[in-house]
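Colleague: I have a structure open and would like to go through it with you slowly. Could you take my questions one at a time?

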Amino acid sequence: MNFRIRADDLLPLSLNEPDASAAALQNIAIILNTRQGTCPFFRDFGLTQEHVSIPVNVAMTLLVSEIKEAIELFEPRARVLEISFEGDADRPEYLVHIVEVEINA
């Protein structure tokens, strides 16, 4: 089953989520919103901030590969189908990551 996850849609977290698909989607949302290096004892989790303060077209290229690798590494139940970005007219430097995944739960 395919799902779309926006980085700015933080769902209410449910610890010990019984539904495998919902748990995988929750994990992906956490990956997209976690700065690498901020999780004690798990410093590689999340996304680096290498895309901050660089041109948007370069940042998007970096983010596509980084998001794909992070999801493959930290959420093996999901397969990334597409990664897109949505801008904000009022803040052109702000990108929202939108990830479409297939859950193999």
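Colleague: Where does Asn 16 lie?

Modeller: Asn 16 sits in the loop between strand S1 (2-6) and H1, where helices (H or I, at least four residues) and strands (E, at least two) are DSSP runs, numbered from the N terminus. This is a predicted model, in which local features need pLDDT of at least 70 and side-chain atom pairs count only at pLDDT 80 or more, while totals for chains, interfaces and linings use all residues. Residues are numbered from 1 along each chain as its sequence is written, and side-chain values use heavy atoms, with hydrogens and water left out.

Colleague: Is Asn 16 buried or exposed?

Modeller: Asn 16 is exposed, with a relative accessible area of 76%; buried means under 20% relative accessible area, exposed over 50%, and partly exposed in between (1.4 Å probe, protein chains only). Asn 16 also has a positive phi of about 60°, although it is not a glycine.

Colleague: And what about the phi of Phe 41?

Modeller: Phe 41 has a positive phi of about 70° and is not a glycine either. Phe 41 belongs to the loop between H1 and H2, and at 86% relative accessibility it counts as exposed.

Colleague: Changing topic, how many aromatic pairs are there?

Modeller: The structure holds three aromatic pairs, where rings of Phe, Tyr and Trp (its six-membered ring) pair if their centres lie within 6.5 Å, and planes under 30 degrees apart count as stacked, over 60 as edge-to-face and the rest as tilted. The rings of Phe 42 and Phe 45 have centres 5.4 Å apart and planes at 20°, so this pair is stacked. The rings of Phe 42 and Phe 74 have centres 5.4 Å apart and planes at 85°, so that pair is edge-to-face.

Colleague: Which parts does the pair of Phe 42 and Phe 74 tie together?

Modeller: Phe 42 lies in the loop between H1 and H2 while Phe 74 lies in helix H2, so the pair ties together parts that are 32 residues apart in sequence. Ring pairs link Phe 42, Phe 45 and Phe 74 into a cluster, in which Phe 42 is partly exposed at 43%, whereas Phe 45 is buried at 11% and Phe 74 is buried at 18%.

Colleague: What does helix H2 look like as a whole?

Modeller: Helix H2 (residues 56-74) has 19 residues and reaches 26 Å from its first C-alpha to its last, close to the 27 Å expected at 1.5 Å a residue, the expected span being 1.5 Å times one less than the number of residues. Its buried residues include Leu 63, Ile 67 and Phe 74, and the buried residues of H2 pack against helix H1 (20-32), strand S2 (78-87) and strand S3 (95-103).

Colleague: Where is His 97, and what does it touch?

Modeller: His 97 is in strand S3 and is buried, with a relative accessible area of 8%. Not counting residues up to four places away in sequence, His 97 touches residues including Leu 63 and Ile 67, where contact means heavy atoms within 4.5 Å.

Colleague: Which residue does the side chain of Glu 100 make a polar contact with?

Modeller: Glu 100, also found in strand S3, makes a polar contact through its side chain with the side chain of Arg 4 (3.4 Å). A polar contact is a pair of N or O atoms within 3.5 Å; within protein, one must be able to donate a hydrogen and the other to accept it, and residues adjacent in sequence count only if both atoms are side-chain atoms. At 17% relative accessibility, Glu 100 counts as buried.
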